[in-house]
Each structure stands twice: as C-alpha cells, then as structure tokens.
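Please consult the sequence and the structure shown below while reading.

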Amino acid sequence: MSFFSPLQQQPADALLALIGQYRADPRPHKLDLGVGVYRDEAGNTPVPAALKEAEQRLWQRQDSKSYLGPEGNEAFTAHMQRLAFGGMDFGGRMTGVQTPGGTGALRLSAELIAATVPGARVWLGTPTWPNHPPILRAAGLTVETYSYFDPASQTLCFDALMAALNRAGAGDVALLHGCCHNPTGADLTPVQWQEVAALLSARGIIPFLDLAYQGLGTGFDADAAGVRTVLDHCPEVLVAYSCDKNFGIYRERVGALFVLTGSAADAARVHSNMLALARANWSMPPDHGAAAIALLLDDTELTALWQAELDAMRSRLRGVRAALSAHGGPLAAVERQNGMFSLLPLATDTIARLKSEHGIYMAGSGRINVAGLTLDTVPVLAAAIAACA
C-alpha cells in the first residue's frame, strides 16, 4: 500500500469541466456564460489601458525583484484601504496586508478567525460563491447556512437573513457579500444594510465582508456603502478585498485583507498574527500586480483613465441587464440585480437543452455571467430559453 492510498479521488470542478466542454464544441455561435471574467462587446477580457501603462512604467523603473516580506506591498495596501473605505478614520484600529487575490484574503481571514476561536461558527447565506464553504471548513471553522436568495421568485430572503443573525451568538461570524452578490446579483439595499449592521452590533456578531466587485454594481463608492455602514456600526470587522475584476488583473492574484479591531493595541497584535499566518501559507504575496496598481493609483491621470474604463465596464453590464429584462419571463428580474452574475430560475433539463441544442453554456445552478453576453446575443439567449422552457 502506497503512502497516498488513503486519498479519495476528488470530482472535477464543475465550472472547469464546463469550460472544457465549451472549448471542445465546434459550433461557431456557441455562448460561454459560465466563466466568471469580464468580457467586452468583442468577447475579450482586456487588460485595462491604465493598467497596461502602469505595467510599462513599472518595467522601466523597477530595479529589484527582491523580497518585500509577508505584508506585501504596503503602498498598494494603503491605496486599497482608501478605495474601499473612503475617508473613514479608524484611529489606528485598522490593519491590513496584501494577499494572493481575494481568495488568499478569505483564507487568511478564516485562519485568523480559527486562531482566535477554534471551530468558530460562520453564518453563510446560500447560494454563495462555491469556494466559500471549502475555505471556511479547511480552516476548521463550523459553517451554518440559511437561505439568502429564492431563485424561483428572484427575491432576496431578507427575513431569513435577519432570523439567522438573531440565532447567532456573540462571537459568531457572519460572512456577507459587500456588493454584486455572486452568484445571484441580489444585493442588500442601503436601508437593509443599516438594519443588518445594527443587528450585528447589538448581538456581538463579527462581520466578515467579501468585497470582490467594487465599481461593477451601481457606482464605485455606492458599491462600498454597505461595507462602510457595517464599519460605522461594528467595532471589529474583517474585509477581504479582490482586485481581479475591477482592475482586470486576474492572473496576477492581487487582493488584501483588512481587519478593524477594538483598539490600536489589538490592531498591532492582529497584524502580527496575520503576518505569521501569511508566512506559513505563502511566505509573501506576488508583487508585480500590486506594484502596478500602486503605481497607477499614485498617478492622477492614470487613476482617471482607470476610473473611466471601470465606468464603461459597469455601463456595459447595466445595458446588458436592461436588454435581458426587456424580454420578461425568467429574465425579468435581471435589471434589478448588480454586477457580473445572475441566477436564472431555470430547470436542470432546460439548462441541459440550452447546452446541447443551442450551444449555450452556463453553470448547472442557472448562474450566468452577464458579461458573457452582448446586445446582439441577448435575443439569442432569450429565444433559446423560450424554446427550451
């Protein structure tokens, strides 16, 4: 018997398998609505011009590839804190580090929680990003779920969310999407964020906020408003930030983890633990993407160019959503939702027929990447759904 015999064969990732099926499909008019990357009207995932220019300058100026340390690029982290939290002053109570993407920030958060309270309960609305539960469980945390969204009625289950938080105890953790909920696109309203933040504070629940799509929903500051509301109400908060989508920097794995603590002394102690955990996991994060973003945000002209490009991305997503909703039926609610994803109320056999008969690929849950569509292909999807329903 070999050392590795006890390991069980793991199933292939469903979305990665879907990507393979799409690539093997010879039909010229096939549609990929599964892969979670932004695409422009030509179907490309471009490098933003502002980022490309920043990378060019970085290539010209950077004179060393020496290690930075487990905290990563501190100029980048300072920029991300300003972008995510605006002008909020935390009086030395917040600390942050660069991470390998938003996923790294989530894993570092989970390990920090586990180091503080082993086996802590984390309340998680479903459906959610499929990698949330494995990340939490891999750190030894206990996952408690509740219904966040009803696909059939295309409505957010706010009462179920509030009921779950009322069941949670002091010291429990609540993982919430900051904006552009993946996979549903259904976000809390400003009033709902106020109610959630007040309840989190009153019950002593620790908010754990995943902010992965800032700028792709309704506006850059508007997309962070819920997170900022929670920070206003709660003395201790974790925020995992991803730059993948809003900077178009997917491959470089650029993210950050921020932790708001009860005091400056707590912040220093938390920071030391974040560095120790990061050192044990990845030693230090990759620098190229973070350095390029820091350079971009140091330059007012490049920053303005990036903001204009991000505005255009958001405008395109909103235009596709409006076009989808105009077809009514299972697409009617899409315009009320935000970001790159929506979870369509489609039966499993309908999703299978869309793939086999029309070459339209989407996750088995009915999640679509809105950015995978154009104004020309929206009617194609609507007609195919009508034919298969």
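Cys180 counts as buried, at 2% relative accessibility; buried means under 20% relative accessible area, exposed over 50% and partly exposed in between, with a 1.4 Å probe and protein chains only. The model is a predicted one, in which local features need pLDDT of at least 70 and side-chain atom pairs count only at pLDDT 80 or more, while totals for chains, interfaces and linings use all residues. Residues are numbered from 1 along each chain as its sequence is written, and side-chain values use heavy atoms, with hydrogens and water left out.

Cys180 is found in the loop between β7 and α7; helices (H or I, at least four residues) and strands (E, at least two) are DSSP runs numbered from the N terminus. Its phi is near 50 degrees, a positive value in a residue other than glycine. The loop between β7 (173-177) and α7 also holds Pro183, and the peptide bond from Asn182 to Pro183 is cis, with omega near 25 degrees.

## Other backbone features

Most residues other than glycine have a negative phi, and most peptide bonds are trans. A cis peptide bond joins Thr126 and Pro127, with omega about 0 degrees. Pro127 lies in the loop between β3 (121-126) and α5 (132-138). Ser283, in the loop between α10 (264-281) and α11, has a positive phi near 65 degrees although the residue is not glycine.

## Cysteines

A disulfide is defined here as a pair of cysteine sulfur atoms within 2.5 Å, and by this rule the count is zero. Cys157 is in no disulfide; the nearest cysteine sulfur, that of Cys180, is 19 Å away. Cys388 is buried, with a relative accessible area of 3%.

## Packing of α6 and α7

The axes of helix α6 (residues 158-167) and helix α7 (residues 190-203) come within 10 Å and cross at roughly 10 degrees. Axes are lines fitted to C-alpha atoms, for helices over the stretch in contact, and angles run from 0 to 180 degrees between N-to-C directions. The two helices are therefore roughly parallel, a class for angles under 35 degrees; over 145 counts as roughly antiparallel, 65 to 115 as roughly perpendicular and the rest as oblique.

Contact means heavy atoms within 4.5 Å. On α6 the contact involves Phe158, Leu161, Met162, Leu165, Asn166 and Arg167, and on α7 Gln192, Glu195, Val196, Leu199, Leu200 and Arg203.

A nonpolar core is a set of buried Ala, Val, Leu, Ile, Met, Phe, Trp, Tyr and Cys residues joined through side-chain atoms within 4.5 Å. The largest core has 96 residues, of which Met80, Phe247, Ile293 and Leu324 touch the most other members. Helix α11 (residues 288-298) gives the most to this core, with eight residues. Not counting residues up to four places away in sequence, Ile293 touches Leu51, Phe76, Met80, Cys243, Phe247, Ile249 and Val254. Another core, of 27 residues, lies apart from the largest one and includes Leu106, Val122, Leu238 and Leu277.

Nine of the eleven residues of α11 are buried, leaving the helix mostly covered. These buried residues pack against α2 (49-61), α3 (74-85), β2 (94-100), β10 (254-260) and α12. Thr303 lies in helix α12 (residues 300-325) and is buried at 13% relative accessibility. Residues up to four places away in sequence aside, Thr303 touches Leu296 and Leu297, which are among the buried residues of α11.
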